[in-house]
Amino acid sequence: MSLMEQYGAITEEIYQELLAAVGPGGVIMNDSEALDNYAWDQAGRIWGHMPEAVVKPADTAQVSAVMKIASREHIPVTPRGAGSGLNGGAVPLAGGIVLSLERMNRILEIDKINRVAVVEPGVVTNDLCRAAAEEGFLYAGYPMSTETSFIGGNFATNAGGGKVIRYGNTRRHVLGAEAVLPSGEIINLGGRFRKDTWGYSLINLLAGSEGTLAVVTKLIVNLEPKPGRTVNLLACYPTLEELVESVAKVIGSGKRIISCEFMDKNLVKYTTEYLGCTLPEQDRSEGYLLIQVEGDTEAQLEDGYETVGKICLDCGAFEVFVAESRTDSAAMWNVRQNGLEGMRARDPHACASGDLMVPLSSVPEMIRRIKEISAEWNIEIGIISHIGDGNIHPIPLKPADMTPEHWARYAEEFFTALIREAIALGGVGSGEHGVGHVKQKVLMDSKSPAEIELLQGIKRAFDPYNIMNPGKMFSPLD
C-alpha cells in the first residue's frame, strides 16, 4: 500500500468535528474557488495542489483539537502562514487539511525587561517590527518580505534577509516556542532567556523544519537594542568581477556593515521599468552594491561610509552615491525590495526558488558559474543577492517559445544544476527560502545515507504516521 493510500479522507462526520473544534467560519470545504487560494504559494500555481479542506484555528487549544482528529484519522495536515514561500513548502501535496494560522495574529506582549516579544505565528513580520520600534527596540530576524510574510513562516523556513551579516537569521532570534505535536499534545520549549545547556535543543530543530514536525502556535523572540544611525551607499560597477572583489574587502573593513546587497543589470533594468524610476549609471553598469553602514555617532558613521566608499572606488566602481535623506535611502532600497516583482512584470513565469548559499570566498566563482550555465541553457537571468553572506538568488525568465508546463520542469532541472555547483563549492541549495518539495530530490541526493537515516528517524519520532506536511524535506510521497 502506498503512503497516499494510507491517508484518511475528510468525511461529512469529520467535517462536522472540525467545525465544532474551530467554530463557525473556521472550515472551508466543497468550495473550489476558496480552496484554490490555499493550493499554492509564491513558487507559482504550476506547483499547486488542492486541499480537501482549509481549517483556521484561532488559538492553541483549537490547533490541538484539529491535530487530534487528524492523527486519529491519519489525515495529512499542511501548516500554512502567509503563503509567501518560494519552494512549495505550504502546498498540500497529499490533499487533506491546510491548517491556516492566519487568525492567530496577535502580538501578545512586548516585555521590555527581558527584551522579548511574545507573538502568535500569524503576525505579519512588519507589524512586529513596528511594535518593537515603538518601544525602542529592533526585531532583527526578519526577511526582505516584511510586509507579507508571517513570523511563523519565517521560523518554519529559518528565513533570513538583508541584515543577516550583522544580526543573523530567524533561528538566532527565537528564544522560546509553544508547539502542538501531530498527536495534539502541546509542548513548550525555551523561554525568556538567552542560553541554556539543558538537553537537546528541540527549538532549533523546529526552526527550518517547514511544518514537517509540529505546528508552532506561539513564539518568544529576541529584541535588540535600538540601533545607531545608518547610512546607505549605492556603488555602480562596470564589471561583476570588480563588484565582487569589493565585497570581501567591505565586509573585512572592520566597519559596522548592516547590509551588503547585490543587483545585476538585468534585474535593475526590469525592476526600474516596473517601478518607473532609474538608478545612476544604469546605461553602463553591470551591477550594483547597496551597502548599509551603522555608527553610534556622526563621526563614526562618516568614517564608516567614507572607508567603504573608498574601498568600492579602489576596486573599480564608477561612482558611489551616499543617500542624504530617508527619501534617497527608500529609493535605493525600493529597487532591491521589488526585484522579484520587477522580474515577474517582465515575465510572470520568472522563477524565484533559486536560493544558493556558498562561502563568501566562493561567491565570485558561483556567480561566474551561474552566468555560464544560464548561457548554456539559453536562459535570460537576473541576479539578486545578500552577497555579504554568500546568499545568491538567480531569477530565470522563461524562454519565449517554451510552454509553462515545460518551463516548470526545465527550471527545476536548471536550479538543480546550480545547486550542485553550489554544493561543489562548499555551500548548500538554500540559505533562507527552504526546501519545500521543489528542492527535495537534490537535497536528499546531497546527504549521506547515514545522515538521511538520522533525519528520517527524527521525522518518525515526531510524526509516526507521516501526516505533517508530507512530501516535503525527507519524506517523499512515492
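A salt bridge here is a side-chain nitrogen of Lys or Arg within 4 Å of a carboxyl oxygen of Asp or Glu. Keep that in mind for the first stop.

Before you click, note that this is a predicted model, where local features need pLDDT of at least 70, side-chain atom pairs count only at pLDDT 80 or more, and totals for chains, interfaces and linings use all residues. Residues are numbered from 1 along each chain as its sequence is written, and side-chain values use heavy atoms, with hydrogens and water left out.

**Stop 1: Lys56 and Glu102**

Select Lys56 and Glu102: they form a salt bridge, with the closest N and O atoms 3.8 Å apart. The two sit 46 residues apart, Lys56 in the loop between strand 2 (53-55) and helix 4 (60-73), Glu102 in the loop between strand 4 (97-100) and strand 5 (107-111). Helices (H or I, at least four residues) and strands (E, at least two) are DSSP runs, numbered from the N terminus. Lys56 counts as buried at 15% relative accessibility, while Glu102 is partly exposed at 28%. Buried means under 20% relative accessible area, exposed over 50%, and partly exposed in between (1.4 Å probe, protein chains only). Over the whole structure, a search finds 30 salt bridges.

**Stop 2**

Now pick Leu289, Ile291, Cys312 and Ile387, the residues with the most contacts inside the largest nonpolar core, which has 47 residues. A nonpolar core is a set of buried Ala, Val, Leu, Ile, Met, Phe, Trp, Tyr and Cys residues joined through side-chain atoms within 4.5 Å. Elements giving two or more residues to this core include strand 14 (287-295), helix 12 (298-314) and helix 16 (404-424). Which element gives the largest share of this core? That is helix 16, with eight residues.

Zoom in on Cys312. Leaving aside neighbours within four places in sequence, Cys312 is in contact (heavy atoms within 4.5 Å) with Ala235, Tyr237, Ser246, Val250, Ile291, Ala317 and Val320. Apart from this core lies another, of 27 residues, among them Val119, Tyr142, Ala177 and Ala207.

**Stop 3: along helix 16**

Just past the end of helix 16, Gly426 takes a positive phi of about 90°.

Next, select Arg369 and Glu421, whose salt bridge has its closest N and O atoms 2.6 Å apart. Arg369 lies in helix 15 and Glu421 in helix 16, so this pair ties together parts that are 52 residues apart in sequence. Glu421 is partly exposed, with a relative accessible area of 25%.

**Stop 4: two loop residues**

Go to Asn30, in the loop between strand 1 (27-29) and helix 3 (32-36). Phi there is near 60°, a positive value in a residue other than glycine. Is Asn30 buried or exposed? At 72% relative accessibility, Asn30 counts as exposed.

Then jump to Glu281, in the loop between helix 11 and strand 14. Glu281 is not a glycine either, yet has a positive phi of about 55°.

**Last stop: Lys459 and Asp463**

Finish with Lys459 and Asp463, whose side chains meet in a salt bridge (2.8 Å, N to O). Both Lys459 and Asp463 are buried.
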